[in-house]
Amino acid sequence: MNAPLPAISSLREAATPQARFADHSSFEVRFESIGGLGAHAAGHVLATAAVLRMGLNGAHFSSYGSEKKGSTVRSFVRLSAAEQPIRVSAPVETPNVVVVFHAVLLRNPATRGGLRRDGTFIYNAPAGVIPEELKALPRTARVIRVDALGIALAEKSRPNAVLLGTICGAFPWIDTAVVLEALSEEFAGKNPAAVATNERAFQRGATEYEVLEGVGEAEGDLPISRADPEWGFATQPAGGLLPEPGNTAWNDLSASRTGLMPVLDGAKCIHCGVCDLVCPDFCLVWGAGADTSKFERELMGVDYRYCKGCMRCVESCPTGAFGEAVETPGMADRLRVPLFPELIK
Ligand code: SF4
Ligand code: SF4
């Protein structure tokens with residue numbers, strides 16, 4: 001028989017900050033993203049609105065990889081009642097809310113690590129099949145899907161504005177108007193033209209989300225995921241040897257694509273090779289064509305593992321054979337033509 005939901009789950013439905021923080025617990029959000037999608041700005045806006053406009057205590061910081069577009073970014077927000085100091089400045093390991101900016105991150109168990117049994121898991125994806133990985137979420141957690149990229153593209157905004165709106169929509173005690181004010185203020189100085197588009201994206205994010213039922217199957221809180229360094233002073237290889245020689249075959253640039261991918265229409269392709277001249281990552285795959293009297297080599301497709309979505313191939317193609325498509329979960333795996341088939345297990 002299913003265990004009843006813990007009493008604390010009512011906190012996520014609290015209507016006011018006073019009701020939410022009546023038990024003196026904090027509210028912890030972890031944004032899981034990749035560089036370029038605006039997770040840091042989203043965390044900054046949420047914390048700023050809570051501290052300066054809602055009278056709460058708050059803390060925010062982000063951790064970056066190599067500070068380049070496409071590398072992993074995690075942004076952490078902690079909020080508490082005004083009389084409840086925040087004394088922790090470590091990453092959020094047991095979040096009330098996880099917000100996932102890019103579907104490719106769902107594959108990594110660390111993305112959902114530590115989510116509380118009464119937590120909320122918000123992820124960016126269009127309607128459709130629910131990824132298998134989400135079965136690992138707590139059975140009692142709330143799972144929310146929002147097409148943040150689709151809305152952002154339609155409104156000429158970015159997914160962070162949409163996802164901020166969804167957080168506000170999902171938690172009634174967060175003052176939507178003041179978060180929107182903080183968002184507009186953030187952009188008014190940097191890019192005034194973006195204020196109106198972000199506002200529309202935010203408003204749509206606050207209402208156009210789906211709560212998915214029966215997704216998670218795990219019992220209780222999820223275990224904390226803490227990445228320990230592979231090597232320490234006692235375990236590092238002798239003499240600074242590299243036991244695994246560097247090569248590019250294992251690279252995976254999937255997370256560098258921020259929602260769009262090139263798609264080849266083979267019927268329009270004249271195999272001229274212009275796209276291959278401009279592709280910076282050598283991810284186009286060529287092979288013997290069906291009719292070798294016509295073309296010795298034909299373009300077979302793209303190995304999306306190595307494609308960063310720069311769209312140079314789309315811009316340079318003289319026949320329109322390469323088009324730009326919105327990437328949906330699993331699409332790259334389906335259309336991928338592997339460069340190194342021997343590496344696929
Ligand atoms: S540039 Fe266009 S037509 Fe030429 S090989 Fe590439 S996809 Fe085909
Ligand atoms: S978008 Fe096109 S040009 Fe850019 S990396 Fe991918 S295949 Fe190469």
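**Figure 1. The surroundings of ligand 2.** In this predicted model, ligand 2 is surrounded by P262, C279, P280, C283, L284, C307, K308, G309, C310, M311, R312 and C313, where a residue counts as near a molecule if one of its heavy atoms lies within 4 Å of it. Sorted by class, this shell holds 9 nonpolar, 1 polar and 2 charged residues; Ala, Val, Leu, Ile, Met, Phe, Trp, Tyr, Cys and Pro are taken as nonpolar, Asp, Glu, Lys and Arg as charged, and the others, Gly among them, as polar. Residues are numbered from 1 along each chain as its sequence is written, while chains are lettered from A and ligands numbered from 1 in the order in which they are written. Local features need pLDDT of at least 70, side-chain atom pairs count only at pLDDT 80 or more, and totals for chains, interfaces and linings use all residues, with side-chain values resting on heavy atoms and leaving out hydrogens and water.

**Figure 2. The surroundings of ligand 1.** Around ligand 1 there are 15 residues, of which the closest are C269, C272, G273, C275 and C317. The shell of ligand 1 is made up of 12 nonpolar and 3 polar residues, with no charged residue.

**Figure 3. E32 in strand β1.** E32 belongs to strand β1, which covers residues 27–34; strands (E, at least two residues) and helices (H or I, at least four) are DSSP runs, numbered from the N terminus. E32 counts as buried because its relative accessibility is 2%, the term buried standing for under 20% relative accessible area, exposed for over 50% and partly exposed for values in between (1.4 Å probe, protein chains only). The side chain of E32 makes a polar contact of 2.7 Å with that of R30 and another of 2.8 Å with that of R74; such a contact is a pair of N or O atoms within 3.5 Å, and within protein one must be able to donate a hydrogen and the other to accept it, residues adjacent in sequence counting only if both atoms are side-chain atoms. Beyond its neighbours within four places in sequence, E32 is in contact (heavy atoms within 4.5 Å) with residues including V98, V99, V100 and F101.

**Figure 4. A182 in helix α5.** Helix α5, spanning residues 176–190, contains A182, which is buried because its relative accessible area is 7%. Leaving aside neighbours within four places in sequence, A182 is in contact with V45, A49 and R53.
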